[in-house]
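Dear colleague,

Here is the structure I said I would pass on to you. Please look it over first, and then read my notes below.

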Amino acid sequence: MKKLIIIGAVAAGTSAAAKARRNNENISITVYDKDSFISYSNCGMPYYIGGEVDDIDELTPRDVNFFKKKYNVDIHINTEVIDINPSKKMLTVRNNKTKVVTTDTYDKLIIATGATAKMPLSIRDASRENVFCLRSIKNAQDIKHYIEVSRAKKAIIVGSGFIGFEMYENLVNLGLEVTMLELSDKITSILDPDMSKYLRTTLEKKGVNIKTSVQVEEISDNSLKLNTGEMLDFDLVIFAVGVTPNVELAKMAGIKLGEFGAIKVDRYMKTNIEDIYACGDCIETFSLITQKPVYRPMGTVANKTGRIAGDVVTGGSLSYHGNLGTTIFKIFNYEVACTGLTETEAIKTGIDIVCCHNIKPNKPIYMGGKEMLIKAIADKTFGKLIGVQIIGEEDVDKRIDVFATLITYGAKVEELFELDLAYSPPFSTTKGPVNYTGMILNNAMHKGRLLISADQLDLRQEDIQIIDTRSTKDFDSKGHIPGAINIPVDKLRATLSELDKNKPIAVYCNKGVTGNAAQNILLNFGFKEVFNVSGGHRFYNETR
């Protein structure tokens, strides 16, 4: 190969160019991008709008000159590839400023055309100067400029993904009154319904204004109409409802698409056409756990797949091993993260699972510890951890990264307890949240310490005895699960005769630990079917 051409110069395209040059100094590398900014941080844009990042240049540290000097790569901005002719290995290229159209040839081609923010076409009159999406540096500049010039006071964010929540926080920090709208009946698609309910309850207690199961039907100058008939006033609207892969150029060239409408590639980023590769937000990847196709338009995936493409076209052997969809975002003082499969996804895939909810502080309370809620999903057949979701205030990133590593290497639930993790009171508890999660799952899967979720308990109210093991004071003052009787754990042994050994029993405390102690007592005294309510009364109450 003498000539490599790359279409697209954000995360994947520039990663591909840099890796290709590291492998080979003798080839010509040319990159075309229709935008005027390259190699920028999409994820940092909400913080630029909110003022936490002072200068837009901090999000665009590498320009055309940087790549020419460091990598001897020629990047042409404001230049769009409008046609690919695979049989002739020829591109048609248009300069979007001068409108001059030229052609170029390649030996190998990498497509890294990215994705475009979705703007619902069904909404009437959505094309207005105060209606935005956030995908490019120009979008960020336009939003920030409009807020400053118009002195906006009210904003509406459509969509409850991580961009939506990050924009919510940053607009509130600018002094705006913000409302979030979500088409689904739950917020944030990365969480299971129970965790979503918990997050929503938590955020609404802090004043976050969220409306679910609503759809925007029409937008006028300063108000919009919902499918419920409600009218909402605004100064600006930001749509954050996901992205669509940019694949029109690939489709015209005869490149196959996958089931999610993105470019289909193999583990080496090869398309179905010889010498054409693709990477980044325009491609379909696959799950590390199920090996089934997924669409993950994320910066981490873009950088990895770009590096692989650049390596392979220059004779390397890198390949893609799949992803877990590991995601994290913050909203005010809360951190939300996930990795692997959700319970919903695992059930849909046909995996027999066990789930647990674990509420533990990131470090001792006497050292200022903050509680985090961990939901973990394990494959009952193989005993492996396959998914985790966390909501907390501190160190969520530390724990989700440990869980992602464990899932990547196929850890079994009993191995979580065996981990020799760092401990000192300023950093963790002696049995850290990760260790404790392993203990709960191992007990449930191998020691007969069965768990029952809040939703499962609601469905079994008629056929199950429910015991609240907290103090009588907590039972009376803090509420309790409907149908529960109060037997504090220290009185349980003396009241065993009052319980029916032939009827299933569910025990619970505040967060699960004392419930487990009560479960052990009952099992040791010959009760056959005893469940501990996962997450205790705390989680049950917050998700009803």
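Threonine 30 touches Leu4, Ile5, Ile6, Asp74 and His76, leaving out residues up to four places away in sequence, where a contact means heavy atoms within 4.5 Å. Threonine 30 belongs to strand 2 (residues 28-32), strands being DSSP runs of E of at least two residues and helices runs of H or I of at least four, both numbered from the N terminus. At 7% relative accessibility threonine 30 counts as buried, the cut-offs being under 20% relative accessible area for buried, over 50% for exposed and partly exposed in between, with a 1.4 Å probe and protein chains only.

Please keep in mind that this is a predicted model, in which local features need pLDDT of at least 70 and side-chain atom pairs count only at pLDDT 80 or more, while totals for chains, interfaces and linings use all residues. Residues are numbered from 1 along each chain as its sequence is written, and side-chain values use heavy atoms, with hydrogens and water left out.

The largest nonpolar core has 52 residues, of which Ile84, Leu109, Ile110, Ile111 and Ile263 touch the most other members; such a core is a set of buried Ala, Val, Leu, Ile, Met, Phe, Trp, Tyr and Cys residues joined through side-chain atoms within 4.5 Å. Helix 8 (residues 299-313) supplies the largest share of this core, six residues. A second, separate core of 45 residues includes Ala152, Tyr168, Leu176 and Val336.

Turning to helix packing, the axes of helix 10 (residues 396-408) and helix 12 (residues 433-446) come within 10 Å and cross at roughly 50 degrees, the axes being lines fitted to C-alpha atoms over the stretch in contact and the angles running from 0 to 180 degrees between N-to-C directions. That makes helix 10 oblique to helix 12, since angles under 35 degrees count as roughly parallel, over 145 as roughly antiparallel, 65 to 115 as roughly perpendicular and the rest as oblique. Helix 10 contributes Arg399, Val402, Phe403 and Leu406 to the contact, and helix 12 contributes Pro433, Val434 and Thr437.

Finally, the cysteines: a search of the whole structure finds zero disulfides, a disulfide being a pair of cysteine sulfur atoms within 2.5 Å. For cysteine 355 the nearest cysteine sulfur, that of cysteine 356, is 7.9 Å away, and cysteine 355 counts as buried at 17% relative accessibility. For cysteine 509 the nearest cysteine sulfur, again that of cysteine 356, is 14 Å away, and cysteine 509 is buried, with a relative accessible area of 5%.

With best wishes
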